[in-house]
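User: I have a structure open and would like to go through its side chains. Can we start with the aromatic rings?

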Amino acid sequence: TNNSGEAFGKGLTDYRSKARRDFCNCRMVDKVRIVHDFKERVFRKMINGKKVVGVVTEFNPFHDGHAYFLQEIRKKYAADYIVAVMSGDFVQRGEPAFFSKFERGREAIKKGVDLLVQLPVIFSLSGSRDFAYGSIKLLHELGFVDQIVFGSESGNLQRLKEITSFLQKEEENPDFQKTFRSYLAEGFSYPAARDKAIQSYFPDSILPNDNLGISYLRAIDTIHTKMEIGIIFRDKNFSSAHSLREKYREENQLLHADIERVKDYLFFRIMELERDEISLSTFQDVHPELAERIVDFMKDIEKKQLDLRELIKDLKGKNHTYSRISRALMHILLNIRKEDIQELKEKPYPYFRILGCSSKGEDLLSFLPKNSIMRLGQYLKENQELIQNRSLKIDLFAGRIFQSIYPKTKDEFREFFIKI
């Protein structure tokens, strides 16, 4: 009726007036946050009104489980486009990727990825916290991703959120720290003691995908992104990427990149640093004790004859995982220093390396940030100042190392943009 319409109109006017007064009276920092939140809500789902889902991947190698994951995202979350952030030439385990990023990318685009973006090697060779932070930051700064979805063994997002909230304050929790130290005193390694301390608050072990999912949630909380969160239950009927890599190594049928092939480069690099009196502890993940052990190993003729994998196992010790030591050695090889990762975390991404897209994903290209690189050689000719960027230099050097140990890959500067 007219009366009810008038009442509604007056109520809406009063509400708007109050909201305007509240906004004017709040602190400047709160105004900035309110405007930022409003913009995030307005601009989400603005790619032709369609939904964009982001995923973080390595596809090392791409397999049926990955294809299933992408299919389920489209079914469960009605994704119109899937954007994948993928490790390039080196992966989070601290090794060269098994196959080239172009081979892995081509398979991913064939099976459901619409836009493929390379994660800078500074982040792709990091532990789970920084790997996740760099990936979420990249998806956030693209500016058009509505939701991030990751795989999960438990399928319980609420539990993962509760663990995340707990871990964000673990250093302020004296009871947790006491429990953690008690497990260390019993002889558990640092990672095992921490896991057991967490299990005393949250029963059942945290499996790898869930653990990485928690790192994504922590990054989302730190960055304050408004991207929604979703999970896909991991189907254990599919072989894991790890088991496939082991199978391919044993059968020795497929040409692949192998960490053993960088051993000579690494040893030369360490000798060069020793000559120039540069401490190994200046590199990311290399603490002083590990630096001393590496130098001692280099002086041991018998140790130097070991395969690199065996050498990593010997260097591992009780408090560090194989992957942590392997990453530390790759940081030395690629000249990744502690300040490099901090700088890339604190500043906006200096570039976005776009590896390829599907025919459908071409819709997204016009929405990309202006500093997006699709054809490397052409872009660097037109933007020569970018060649001096520290992160890109490391990416390009990592690419050169990879090409030398995996002849099947192509020269990045001549590689065509993947379009399927």
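Predicted model: local features only at pLDDT ≥ 70, side-chain atom pairs only at ≥ 80, totals over all residues.

User: How are the rings of Phe 166 and Tyr 201 arranged, then?

Analyst: Their centres are 4.8 Å apart and their planes are at 40°, so the pair is tilted. The pair links distant parts of the chain, 35 residues apart: Phe 166 belongs to helix α7, and Tyr 201 to the loop between α9 and α10.

User: Why give both a distance and an angle?

Analyst: A pair of aromatic rings is described by the distance of the centres and the angle of the planes.

User: Is Phe 166 buried or exposed? And Tyr 201?

Analyst: Phe 166 counts as buried, because its relative accessibility is 16% and the cut-off for buried is under 20%. Tyr 201 has a relative accessible area of 32%, so it is partly exposed.

User: What about Phe 176 and Tyr 201?

Analyst: That pair is tilted too, since the planes are at 50°, with the ring centres 6.0 Å apart. Phe 176 lies in helix α8 and Tyr 201 in the loop between α9 and α10, so the pair ties together parts that are 25 residues apart in sequence. Phe 176 counts as buried because its relative accessibility is 1%.

User: Which residues do the ring pairs link into a cluster?

Analyst: The cluster holds Phe 166, Phe 176, Phe 180, Tyr 190, Tyr 201 and Phe 202.

User: OK, helix α9 next. Which of its residues are buried?

Analyst: In α9, which runs over residues 190-199, the buried ones are Ala 193, Ala 197 and Ile 198. Seen down the helix axis, they fall within an arc of 135°, so they line one face of α9.

User: Why would residues three or four places apart point the same way?

Analyst: Because an α-helix has 3.6 residues a turn.

User: And what covers the buried residues of α9?

Analyst: The cover includes α7 (157-167) and α8 (174-185).

User: Switching to the largest nonpolar core. Which residues touch the most other members?

Analyst: Leu 115, Leu 142, Phe 144, Leu 329 and Ile 332 do, in a core of 95 residues. Helix α16, residues 322-334, gives the most to this core, with eight residues.

User: What does Leu 142 touch?

Analyst: Leaving out residues up to four places away in sequence, Leu 142 touches Val 83, Val 117, Phe 352, Phe 367, Leu 368 and Pro 369. There is also a second, separate core of 22 residues, and Phe 69, Phe 102, Ala 108 and Ile 109 are among them.

User: Now the charged residues. Where is Asp 146?

Analyst: Asp 146 is in the loop between α6 (128-142) and β6 (147-152). With a relative accessible area of 5%, Asp 146 is buried. A polar atom of its side chain lies 2.7 Å from the backbone nitrogen of Val 52.

User: And where does Asp 285 lie?

Analyst: Asp 285 lies in the loop between α12 (263-275) and α13 (288-299). Asp 285 is buried, at a relative accessible area of 15%. Its side chain and that of Arg 324 are joined by a polar contact of 3.3 Å. Among the other residues that Asp 285 touches, not counting those up to four places away in sequence, are Arg 327, His 331 and Lys 338.

User: Last one: which ring does Lys 137 lie over?

Analyst: Lys 137 lies over the face of Tyr 349, at 4.5 Å from the ring centre. The charged end of Lys 360 sits over the ring of Tyr 81, 5.6 Å from its centre.

Methods: Residues numbered from 1 in each chain as written. Heavy atoms only, no water. Buried < 20%, exposed > 50% of the residue type's maximum accessible area, 1.4 Å probe, protein only. Helix = DSSP H or I, 4+ residues; strand = E, 2+ residues; numbered from the N terminus. Arc of directions from axis to C-beta. Contact = heavy atoms within 4.5 Å. Polar contact = N/O pair within 3.5 Å; in protein donor to acceptor, adjacent residues only side chain to side chain. Core = buried A, V, L, I, M, F, W, Y, C linked by side-chain atoms within 4.5 Å. Phe/Tyr/Trp six-rings, centres within 6.5 Å; stacked < 30°, edge-to-face > 60°. Lys NZ or Arg CZ within 6 Å of the ring centre and 35° of its normal.
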